[in-house]
Amino acid sequence: MSGNRVAVFRKVTFNAAHRLYNKSWSDEQNRKVFGLCANEHYHGHNYRLDVKVIGEIDPETGYVINLDDLKRIIQEEVHNRFDHHNLNLDCPEFKDLNPTGENIVVVIYQMLRARLEAKYDLQIRLWETERNYFEYPV
Ligand code: NI
């Protein structure tokens, strides 16, 4: 079985608040485009993140990746930065970047990618609600 490529998944959740807003637009324009998501008092989501790591089975361990290592990396890169935070106000990643699902999924991907060995392929899916989710890369 060693050498076979397998996808390993880890699912996590985190909670964060955000507001969708383009600073260069008027409040009226923001309301028109983002609706309730532009509410100046922010709103929260229970985000779910599916992390998919693809690689070859190591003949010595039988693992593609040690899930304890993956768990720790996600904890450090995602939870420590974003969980129970206001993405717009607390997180420098979104100081000048609208925290849409699209932008969040790319930001998280870049952080996890930087922590994983190059031999792995990575794809992540970010669920903002039960019905709306975002995937990167495509
Ligand atoms: Ni929202």
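Predicted model: local features only at pLDDT ≥ 70, side-chain atom pairs only at ≥ 80, totals over all residues.
Student: Which residues coordinate the nickel ion, and through which atom?
Tutor: Along the chain, the donors of the nickel ion follow the spacing H-x24-H-x1-H. His18 lies in strand 1 (residues 5–18) and His43 in strand 2 (residues 43–56), 25 residues apart, and this pair links distant parts of the chain. At 2.0 to 2.1 Å, the nickel ion is coordinated by His18 (NE2), His43 (NE2) and His45 (NE2).

Student: Is His43 buried or partly exposed?
Tutor: Buried means under 20% relative accessible area, and His18, at 0% relative accessibility, therefore counts as buried. His43 has 21% relative accessibility, so His43 counts as partly exposed.

Student: What is the handedness of the crossing of helix 2 and helix 4?
Tutor: The axes of helix 2 (residues 67–82) and helix 4 (residues 101–115) come within 9 Å and cross at roughly 145°. Residues of helix 2, including Ile73, Ile74 and Val78, meet residues of helix 4, among them Val107, Ile108 and Met111. By class, this contact has 8 nonpolar, no polar and 4 charged residues. The crossing of helix 2 and helix 4 is right-handed.

Student: What covers the buried residues of helix 4?
Tutor: The buried residues of helix 4 include Gly101, Ile104, Val105 and Tyr109. Their cover includes strand 1, strand 2, helix 2, helix 3 (87–90), strand 4 (121–127) and strand 5 (133–136).

Student: How far apart are the end C-alpha atoms of helix 4?
Tutor: Helix 4 has 15 residues, which at 1.5 Å a residue should span 21 Å. The model agrees with this expectation, because the end C-alpha atoms of helix 4 are apart by 21 Å.

Methods:
Residues numbered from 1 in each chain as written. Heavy atoms only, no water. Donors = N, O, S within 2.8 Å, 3.2 Å for Na, K, Ca; no water. Helix = DSSP H or I, 4+ residues; strand = E, 2+ residues; numbered from the N terminus. Buried < 20%, exposed > 50% of the residue type's maximum accessible area, 1.4 Å probe, protein only. Axes fitted to C-alpha atoms, helices over the stretch in contact; angles between N-to-C directions. Left-handed = near helix turned anticlockwise from the far one by under 90°. Contact = heavy atoms within 4.5 Å. Nonpolar A, V, L, I, M, F, W, Y, C, P; charged D, E, K, R; others polar. Expected span 1.5 Å × (residues − 1).
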